[in-house]
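Okay, everyone, thanks for coming. Let me put the model up, and then I'll talk you through a few spots in it.

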Amino acid sequence: MSTLTIKELEEQMIAMAKQKPFYFYDLLQTFNSATYRQILIVWGMMREQIEFERDEEGRYICPKT
Amino acid sequence: MEDFRGLIKRLEQEGELLRVHREVDARYISGLVSQSEKAIYFERVAGFDFPVLSGLLNTRKRVALAMKVSEADIGRKFQNACDHPFQPVVVKTAPVQETVYTGDQVDLSMLPIPFLHEKDGGPYISGGVICSWDAEYGHNAGMYRLMYRKKNETGIDLVSPSDMRLYYQRAYDQGKSLKIAVAIGTHPNVMLSASYKASIDRNEFEIAGGLHGEPLELVKCITSDLLVPANSEIVLECEILPVGWVYDEGRFGEFSHIQGDLKWNPLVKVNAITHRKDAIFYALHMPWENDWLSGPVTEAAALRVLREASVEAVAVRATLGSCCYWEIIASIRKRPGEGKNALLALMSLAEVKKVIVTDDDINIYDPDDLDWAMTFRVQADQDVIIVSGARGKHIDPSLKSWMYSKDALPTTAKLGIDATIPEGVPRSKYERLKHSYKEEVNLEDYIDGQGGKSS
């Protein structure tokens, strides 16, 4: 069970998303200590804020701006 | 009428269900089910109030169990249901509306929507029967995947031609959304009927009634006039927004066992979630469950065209290696010329690209027996038919569909093999050898102390 709050998890997932293109699977693996439900909640929150782009492989890309 | 949870109970009685008592993280569900020969009921899913059932239809045996028919007869049962449907009935109250969330209460993250494949674009609701309605064509039910995006928003794959795509296109052209309702945790008879590409003016739920042998009960949604199976476990009441095919959806591990490409699709807004008080979430395990939902439908189509061609079918089999979709093997009671007639009929089926026809003495479920027929009853220069330029399906990589323009449909070649006894060869030439005294002696009587009876 993650000790991170939803807000902290959100900040860390967004920071990771800004680093490089990623699959959803990468989020699950990187934040393995977060519960699956927490990831679902934060993923939904991230999509509210960020219009992700996708590359040819289907990875999510966080726009630079 | 047996419902989803009634079937779960029966599968357990038949030894086809594994109960997992230990708490599981939903991210592991797909990986665990892929290792199991049985359907799995996850009683406790960390962070969620819903148990999860997955792998329900991973085998032909379980499809047959669900349909209450022998494994050989899944196609015949489905065809019989098409021929003898029951009109659904509408009830006023339903278990699936025991708990209702609307407006701001809607939060898809309450559901243990699993992540299925490494390169999927997100968690997917894979086992939903989607109901829709059009003023001209009436009710429609189909199975479509939904990709979780936000607490009240999903993607949907509406790229391939389908009745619901047409309904959406008609709504989109008028600048309107299309109301849909997603029933999760329905009996396989409902999923089978929804998987079937019935004519556009036909209500698929009457076929589900035919499979059950009694009318399916439907209930009106809370936020729309759509009708959904009353005994579903969970229903999402939604609308496909009139935005067109502009939002990323996928990738997704497809029924072809291949990781599909990224697609561009519309968005779905979820307006209400209703469920039974003790609802079970159903995670359709790709690709096997999707494949086996095609099995009875493909086999029924094969029986239908053979009947039209006046060929007596003994058995038909849609093969799992072809995703129960692209290959048909049939045994027939042949009269002269009917091996070829059967091939021509079966090769006319829209998606089928490989057909083998053989005689009624061949067990088409035994690959060795089938190989034997193809070895000794086939002359390749006379018994193999290849048809070029037939309609293909994008998902088949051998068609190189990425080389076509966006709106072009790829074409495919079709292969037919007539493995029936050739005309002019007497059946006696295929007399099978019989081991002498096989019926009179028992090996166990001769294995003293090794499990056999001692004299």
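Quick note on terms: strands pair here if DSSP finds at least two bridges between them, and helices (H or I, at least four residues) and strands (E, at least two) are DSSP runs, numbered from the N terminus. Before I go on, this is a predicted model, where local features need pLDDT of at least 70 and side-chain atom pairs count only at pLDDT 80 or more, while totals for chains, interfaces and linings use all residues. Housekeeping: residues are numbered from 1 along each chain as its sequence is written, chains are lettered from A and ligands numbered from 1 in the order in which they are written, and side-chain values use heavy atoms, with hydrogens and water left out.

Back to β20(B), residues 327-333. Of its 7 residues, 6 are buried, meaning under 20% relative accessible area, with exposed being over 50% and partly exposed in between (1.4 Å probe, protein chains only). On its other pairing, β20(B) goes parallel with β21(B), residues 354-359, over 6 bridges. To get from β20(B) to β21(B), the chain passes through helix α9(B), residues 338-347, in a right-handed β-α-β crossover. Right-handed means that, with the strands pointing away from the viewer, the path from the first strand over the helix to the second runs clockwise.

Now, how many residues does each chain bring to the A–B contact? It's 22 from chain A and 26 from chain B, with contact meaning heavy atoms within 4.5 Å. The buried area is about 2,200 Å², and carbon and sulfur atoms give 53% of that; that's accessible area (1.4 Å probe) lost on putting the two parts together, summed over both. We also get 4 salt bridges across the interface, each a side-chain nitrogen of Lys or Arg within 4 Å of a carboxyl oxygen of Asp or Glu. One of them links B:R251 and A:E57, at 4.0 Å, N to O. On the chain A side, α2 (24-30) and α3 (36-49) each give two or more residues, and α3(A) gives the most, with 8.

Last stop: B:K179, in β11(B), residues 178-184. It's partly exposed, at 36% relative accessible area. Its C-alpha sits 6.4 Å from that of B:I240, 61 residues apart along the chain.
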